[in-house]
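The sequence and the structure are shown first.

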Amino acid sequence: MKQSASLIWSKYNPMQINSPIQLALQILRPYGLIQLPIDNRYLSGAIFVRDGKRIPLINTALPRANQYFTAWHEIYHLLFDEVSFDHLIESEILMEERKAEYFAALMLLGNLMPYFEGLKDMEFQAKAFQCMNAFQAPYKAVLISLYESAVKNGNTAIVEEVKENFDVQVEDIAQRFRDLGLDDSLVRPRM
């Protein structure tokens with residue numbers, strides 16, 4: 001996955017775009033990117049195949065953080081997924097979905113841990129919200145990235161905090177963003 005992420009910055013970024021979000025949109029446009037509000041909070045995006053052409057769709061009714069993550073998820077399928085469009089083997093497709101999620105997290109979050117650890121005197125969720133804001137990524141993606149880094153580095157305290165907060169339903173996340181002085185448009189549904 002890290003090689004794929006590096007390839008994006010070298011091969012698919014001829015204009016040297018620094019923003020992962022803008023780069024994702026630039027990569028998707030030639031594929032006929034459709035950005036459309038769909039009243040379905042479970043549909044983030046998809047790749048439609050029409051006449052042999054793969055066309056990405058992003059649900060713009062969802063919060064922007066989800067849209068950005070979805071863009072990179074779909075880019076993985078367009079550029080690196082050799083299974084999902086040719087096979088109907090469920091286990092292989094599930095693995096490709098996990099790869100796409102990991103790839104999207106790599107593209108948006110990079111090395112999240114130093115930023116997270118630099119946030120002092122804040123409770124865990126507030127730090128996670130600050131990371132969401134800084135990296136323009138969804139809550140679960142931040143937690144998964146923190147967990148992976150913490151496991152890799154043997155930081156059991158953060159591993160436990162992630163576990164405690166992973167399945168917690170965040171009530172009124174937009175208000176929590178405002179309370180921290182953050183732009184809540186990243187987490188508000190667009191409809």
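The sections below describe the basis of the analysis, the aromatic pairs, the core, and selected loop residues.

## Basis of the analysis

This is a predicted model, in which local features need pLDDT of at least 70 and side-chain atom pairs count only at pLDDT 80 or more, while totals for chains, interfaces and linings use all residues. Residues are numbered from 1 along each chain as its sequence is written, and side-chain values use heavy atoms, with hydrogens and water left out.

## Aromatic pairs

The structure holds eight aromatic pairs. Rings of Phe, Tyr and Trp (its six-membered ring) pair if their centres lie within 6.5 Å; planes under 30 degrees apart count as stacked, over 60 as edge-to-face and the rest as tilted. One of the pairs is formed by W72 and F103, which are edge-to-face, with 6.0 Å centre to centre and 70 degrees between the planes. Because W72 lies in helix α3 (residues 64-79) and F103 in helix α4 (residues 90-109), this pair ties together parts that are 31 residues apart in sequence. Helices (H or I, at least four residues) and strands (E, at least two) are DSSP runs, numbered from the N terminus. Both W72 and F103 are buried, where buried means under 20% relative accessible area, exposed over 50%, and partly exposed in between (1.4 Å probe, protein chains only). One aromatic cluster is formed by W72, Y76, F80 and F103.

A tilted pair is formed by F129 and Y139, with 5.9 Å centre to centre and 45 degrees between the planes. This pair links F129 in helix α6 (residues 124-135) with Y139 in helix α7 (residues 139-153), ten residues apart. F129 is buried at 0% relative accessibility, and Y139 is buried with a relative accessible area of 9%.

## Charges over rings

A charge sits over a ring if NZ of Lys or CZ of Arg is within 6 Å of the ring centre and within 35 degrees of the ring normal. The charged end of K127 sits over the ring of F116, 5.1 Å from its centre. K140 lies over the face of F166, at 4.1 Å from the ring centre.

## Core and helix α3

A nonpolar core is a set of buried Ala, Val, Leu, Ile, Met, Phe, Trp, Tyr and Cys residues joined through side-chain atoms within 4.5 Å. The largest one has 56 residues, of which I8, W72, I75, F103, L109, V142 and L146 touch the most other members. Helix α3 gives the most to this core, with nine residues. In α3, 15 of the 16 residues are buried.

Leaving aside residues up to four places away in sequence, L146 touches L112, M113, F116, F124, I158 and V162; contact means heavy atoms within 4.5 Å.

## Loop residues

D51 lies in the loop between β2 (45-50) and β3 (53-59) and is exposed at 79% relative accessibility. D121 lies in the loop between α5 (113-118) and α6 and is exposed at 84% relative accessibility.

Q136 is placed in the loop between α6 and α7, and at 17% relative accessibility Q136 counts as buried. A polar atom of the Q136 side chain lies 2.7 Å from the backbone oxygen of N133. Not counting residues up to four places away in sequence, Q136 touches I21, R64, A65, Y68, L108, C131 and L186.

Conventions
A polar contact is a pair of N or O atoms within 3.5 Å; within protein, one must be able to donate a hydrogen and the other to accept it, and residues adjacent in sequence count only if both atoms are side-chain atoms.
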